[in-house]
Amino acid sequence: KWGFSWTTVKTSTHTVEVQVSKVPSVFGIPLQVSDFSMLLSEDFVNSKMTPKCIRKGLKRRACRGAIMFGDMLTEKECIQMLNDLAKCDFPFQCAHGRPSVVPLALFI
């Protein structure tokens, strides 16, 4: 599930070994085997929520294509950006919680 493939091997009465054979990638960045451990601790098999490690990978990539301070925008792009921000639950911070808006009063 979620792109991981694994097999289990019972090595003793009280021990099961998990052999991970495939890990998914989020936007081209492969997750780590340690992320699989996180999944197991979340009981992701029975959950309908996106696993924390997948959300973490999405957040890592969320800001990469963002408009950065100093980027030149056309008036049309500015209007579109403001319209898009108006639709967001948290329009003044990125996925990591960093501020995404700077007061213009600082630059006057």
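I take buried to mean under 20% relative accessible area, exposed over 50%, and partly exposed in between, with a 1.4 Å probe and protein chains only. By that criterion I find that buried residues make up 14% of the 108 residues in the protein chain.

Before going on, I note that this is a predicted model, in which local features need pLDDT of at least 70 and side-chain atom pairs count only at pLDDT 80 or more, while totals for chains, interfaces and linings use all residues. Residues are numbered from 1 along each chain as its sequence is written, and side-chain values use heavy atoms, with hydrogens and water left out.

**Confidence.** I looked up pLDDT, the predictor's confidence in each residue from 0 to 100, and the protein chain averages 77, with 86% of the residues scoring at least 70.

**Elements.** I use DSSP runs numbered from the N terminus, helices being H or I of at least four residues and strands E of at least two. The protein chain has three helices and four strands, and read along the sequence they follow the pattern β-β-β-β-α-α-α.

**Hairpin.** With two strands counted as paired if DSSP finds at least two bridges between them, I find seven bridges joining β1 (residues 5–12) to β2 (residues 15–22), which run antiparallel. The two strands form a hairpin with two residues between them. Thr 8, found in strand β1, stands opposite Val 18 in β2, and the bridge partner of Val 9 in β2 is Glu 17. Taking contact as heavy atoms within 4.5 Å, and leaving aside neighbours within four places in sequence, I see Thr 8 in contact with Val 16, Glu 17 and Val 18. Thr 8 and Gln 19, eleven residues apart in sequence, are 6.2 Å apart in space, C-alpha to C-alpha.

**Lys 52.** This residue is found in helix α2 (residues 52–62), and I read it as partly exposed because its relative accessible area is 48%.

**Pocket.** I searched a 1 Å grid over the protein atoms alone, a pocket being an open set of points where a 1.4 Å probe fits, with protein on both sides within 12 Å along at least five of seven lines, and lining residues having an atom within 4 Å of a point. The largest pocket has a volume of about 1100 Å³ and is lined by 27 residues, of which Ile 67, Met 68, Met 81, Ser 100 and Val 101 lie nearest its centre. The largest share of that lining, five residues, comes from helix α3 (residues 75–86).

Notes: Points joined across faces, edges and corners; volume = space filled by probe spheres on them.
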